Amino acid sequence: MLRLLKIFAVVLVLGGVVAGGYFTRDHWVPWLVKQQASGDPAVDSSMAGVALPNEQVNLSPQAQKNLQLRSKPLQPTTYWKTIQIPGTVVDRPGISDRGVVAPVSAVVTAIHHYAGETLESGATLFTLRLVGESFQTSQTELFKAMKESEITQEEIKRLTPLFESGAVPRSKHIELKNELRRLAVTMQAYRQDLQIRGLTSAQIDSVANGTFISEISVAVPAGLAVHENSQNINSGIFELQELNVELGQHVQAGQRLCTLSQHQSLFIEGRAFRRELPLLQRAAEEGWPIRAELLESSEYDWQDSIPPLTIHHISNELNDDKRTISFFLSLENQSRSYQRDGQRLFLWRFRPGQRVQIHVQVEQLENVFVLPAAAVVKEGPEFYVFRHNGNIFDRKPVHVLHQTQDAVVISNDGSVPSGIYIAQTGAVQLNRVLKSQSGSAPSGVHVHADGSVHANH
């Protein structure tokens, strides 16, 4: 009986040792696996034939190439949390478009440029034949006032000796001087009227000398100087966007002749929800840079990205949908030119109507790790990354602070130390392989080395 008790005691002790070893295998098995101390993801031949713990995947170099796995060392950095808001490139009111109107009642006798042509300030657009009675009256009255002034000056010159001798009363001299001043005021008024109607100083002088003007030219107006970001943007180059008259057409003073467009200075209009307004106001007050990207399939030969922008202003009124508020970013356009039929034509990179994605910075996260979205896999409440060490990929739990469609921000809390190599792609496939080799794959399926899942045959 004593002998049986001794045998039973020995079996019980051995069973306890085996059970203890099984339940503590996660602590002592890694000590049996020889890994490279440097963390370099080079192939380690010493791993061949060694059993792997439950949180490790062993992939051959060929399998890694099949999965297109690549690794990079973790480096702490600063990351800006952003919100994405849709936007549209729009004209800048008062700058982008400008109407050209007829200064007088006239008939269009010549059209010098047509829609699509690029023009500079001062270029002649139209020739108009004057038919307005008021314009002819202004010319006639200016000429009459000029002649009366000359006659008055001659009268003063003739009577000056008589004024000095007292033969003619001094009151007559004063009367002639006042008449001369009155005529000077009249001439100045008619000169101003003719200048407003489009006549040049040389033409007005000709009218005063008796050569009346029957035709006038309408030219491209001078460009506006827009003060933007401490730079003067000279908008002296226009495109004739729309022609509103025809040859021989009678036009009234103030009637639109054409519309000129100037797309060098534009706006990006974003429409944010009301709950996002505090974030926008802070970004505007702090002057934080904002990233914008065109939602186009491709841009022909425009390699540079849109430079960082800032909020110009936020609308103080709700849009028609009562749910969104508009805000505007100043956008300086980029252009190229080419010659066609003796005309210089422009190609603008940004055009009103183009859709834009706006990334507004709202919060700064410091001392964090930023990984591609493909480097992190989610399983229930847990997020994992894979440390790359030779042919071995260790699964490591991490704390995710923020994630977007393209990037994941994880905390630098010591769960993964700085400098180790992390697989930048293929986290989902690696996790599938890990579950397959640990026996946790669903019944009726099997997992290949590339991470794909297939039904058993």
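Q: Over which residues around 225–234 does pLDDT stay under 50, and how many contacts beyond four places in sequence does the model have there?
A: This is a predicted model, and pLDDT stays under 50 over residues 225–234. The model has 17 contacts beyond four places in sequence for that stretch. Residues 29–40 also stay under 50, with 25 such contacts.

Q: What is the average pLDDT of the protein chain?
A: The chain averages 81, and 80% of the residues score at least 70.

Q: Why is His388 called buried?
A: Check its number against the cut-off. Buried means under 20% relative accessible area, and His388 has 6%, so His388 counts as buried. You'll find His388 in strand β22, residues 382–389.

Q: What makes the approach of His388 to Ser71 a polar contact?
A: The distance is part of the test: the N or O atoms have to be within 3.5 Å. The side chains of His388 and Ser71 make their polar contact at 2.6 Å. The side chain of His388 also makes one with the side chain of Gln64, at 3.4 Å, so that value too is within the 3.5 Å limit.

Q: How do you know that the buried residues of α6 line one face of the helix?
A: Start with who they are: Ile204, Val207 and Ala208, in a helix that covers residues 201–208. Look down the axis of α6 and these buried residues fall within an arc of 100°, so they line one face. What covers them includes α4 (133–165) and α5 (170–196). Just after α6, Gly210 takes a positive phi of about 105°.

Q: Why is the pair of Phe143 and Phe212 called edge-to-face?
A: Look at the angle. Planes over 60 degrees apart count as edge-to-face, and the planes of Phe143 and Phe212 are at 80°. Their centres are 6.1 Å apart, so they also pass the 6.5 Å limit for a pair. Phe143 is in helix α4 and Phe212 is in the loop between α6 and β8, so the pair ties together parts that are 69 residues apart in sequence.

Q: Are Phe143 and Phe212 buried, exposed or partly exposed, and what makes them so?
A: The middle class runs between 20% and 50%. Phe143 has a relative accessible area of 26%, so Phe143 is partly exposed. Phe212 is at 35%, so Phe212 is partly exposed as well.

Q: Why is the pair of Phe267 and Phe328 called tilted?
A: Tilted is what remains between the stacked limit of 30 degrees and the edge-to-face limit of 60. The planes of Phe267 and Phe328 are at 50°, with ring centres 5.5 Å apart, so the pair is tilted. Phe267 belongs to strand β14 (residues 265–273) and Phe328 to strand β17 (residues 324–332), so parts 61 residues apart in sequence are tied together. Both of these Phe residues are buried.

Technical notes:
Residues numbered from 1 in each chain as written. Heavy atoms only, no water. pLDDT = per-residue confidence, 0-100. Contact = heavy atoms within 4.5 Å. Helix = DSSP H or I, 4+ residues; strand = E, 2+ residues; numbered from the N terminus. Buried < 20%, exposed > 50% of the residue type's maximum accessible area, 1.4 Å probe, protein only. Polar contact = N/O pair within 3.5 Å; in protein donor to acceptor, adjacent residues only side chain to side chain. Arc of directions from axis to C-beta. Phe/Tyr/Trp six-rings, centres within 6.5 Å; stacked < 30°, edge-to-face > 60°.
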